[in-house]
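Visitor: I have a structure open on my screen and would like to learn how to read it. Could you walk me through some features?

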Amino acid sequence: MPSRPSYLLIGALLTALVAIALISWTAWEMSRPVPVVQFGGVRSVAVAPSVQIGGPFTLTDHTGQTVTDEAWRGKFMLIYFGYGFCPDVCPTELQIMSSALDVLEDDAERIQPLFITVDPERDTVEFMADYVSNFHPSMIGLTGQTAAIQAAAAAYRVYFKKVEDDSSAEYLVDHTSFVYLMGPDGKFLTMFRAGAEPQDMARTVASYMGQ
Ligand code: NI
């Protein structure tokens, strides 16, 4: 049976662990770029009207053409920021977007799905062309100079940061994972948390298209 000082030591260690966990959680919470409120059972997110999301961008599409956000005025845009080397979250989100578009059938023609890289160093035009072909046929991949990517990410309040890993030659990129729905006027409508059900995403998009 442990002596009394051991109990004290264990108690102190537990307290320290809880304190570290609390501080980490608080830091993580505070680093989240957008105040969000979840409504209903759908994983789409209501954002305070004072919070501006979206804005103009000039990037290069996966065929090498320079494009701006105005190219898709008149269409809804479903936008996701991520990177091709992402092991799990990004491919899952792009698959969810693609499945939601499949659920919408013919209405999907009114929506432009866009994948904007936060890792332009590795996600070149050639890479993007190959990568987006794994997802919905109408999906367009966008890359560009670092400054242009930073400007686009800032407009959408997307946080991203390269994470070096000593155990690997490749690096990861820590990044915000929301899917943004923008209206035919280019204005923000709503956004979806990572892991939304394609059916829910399709239903929410359809409700905005019906308005
Ligand atoms: Ni990712």
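This is a predicted model: local features need pLDDT of at least 70, side-chain atom pairs count only at pLDDT 80 or more; totals for chains, interfaces and linings use all residues.

Visitor: What does T143 touch, leaving aside its neighbours within four places in sequence?

Guide: Contact here means heavy atoms within 4.5 Å. With those neighbours left aside, T143 is in contact with L59, T60, T117, P120, D123, T124, V125, M128 and I149. As for D123, its backbone oxygen is reached by the side chain of T143 at 2.8 Å.

Visitor: What about the loops? Where is D119?

Guide: D119 sits in the loop between β6 (111–117) and α3 (125–132). Its relative accessibility is 3%, and therefore D119 counts as buried too. The side chain of D119 makes a polar contact with the side chain of R122, at 2.7 Å. Not counting residues up to four places away in sequence, D119 also touches G82, Y83, Y171 and V173.

Visitor: On to the metal. Which protein donors does the nickel ion have?

Guide: A donor is an N, O or S atom within 2.8 Å of this kind of metal. Here the protein donors are C86 (SG), C90 (SG) and H175 (NE2), at 2.1 to 2.3 Å from the nickel ion. Along the chain they follow the spacing C-x3-C-x84-H. Within that set, C90 in helix α2 (residues 89–104) and H175 in strand β9 (residues 172–175) link distant parts of the chain, 85 residues apart. Both C90 and H175 are buried.

Visitor: Now the outside. Which residues form a nonpolar patch on the surface?

Guide: I10, L14 and L17 do, and together they have about 300 Å² of accessible area. Take L17: it belongs to helix α1 (residues 4–31). L17 counts as exposed because its relative accessibility is 54%.

Visitor: And backbone angles? Which phi value does E105 have?

Guide: Phi of E105 is near 50 degrees, a positive value in a residue other than glycine. E105 is in the loop between α2 and β6, and at 62% relative accessibility it counts as exposed. R157 is another non-glycine residue with a positive phi, about 55 degrees. That one lies in the loop between α4 (146–155) and β8 (160–163). With a relative accessible area of 32%, R157 is partly exposed.

Visitor: Let's zoom out. How many helices and strands are there in the protein chain?

Guide: There are five helices and 11 strands. Of the 211 residues in the chain, 41% are buried. The accessible surface comes to about 11400 Å², and carbon and sulfur atoms account for 58% of that.

How values were computed
Residues are numbered from 1 along each chain as its sequence is written. Side-chain values use heavy atoms; hydrogens and water are left out. Patches are made of residues with over 30% relative accessible area and no salt bridge: like charges are joined within 9 Å, nonpolar side chains (Val, Leu, Ile, Met, Phe, Trp, Tyr) within 5 Å. Accessible areas come from the Shrake-Rupley method with a 1.4 Å probe; for residues, only the protein chains shown count as cover. A salt bridge is a side-chain nitrogen of Lys or Arg within 4 Å of a carboxyl oxygen of Asp or Glu. Helices (H or I, at least four residues) and strands (E, at least two) are DSSP runs, numbered from the N terminus. Buried means under 20% relative accessible area, exposed over 50%, partly exposed in between (1.4 Å probe, protein chains only). Donors are N, O and S atoms within 2.8 Å of the metal (3.2 Å for Na, K and Ca); water is not among the atoms, so sites may look incomplete. A polar contact is a pair of N or O atoms within 3.5 Å; within protein, one must be able to donate a hydrogen and the other to accept it, and residues adjacent in sequence count only if both atoms are side-chain atoms.
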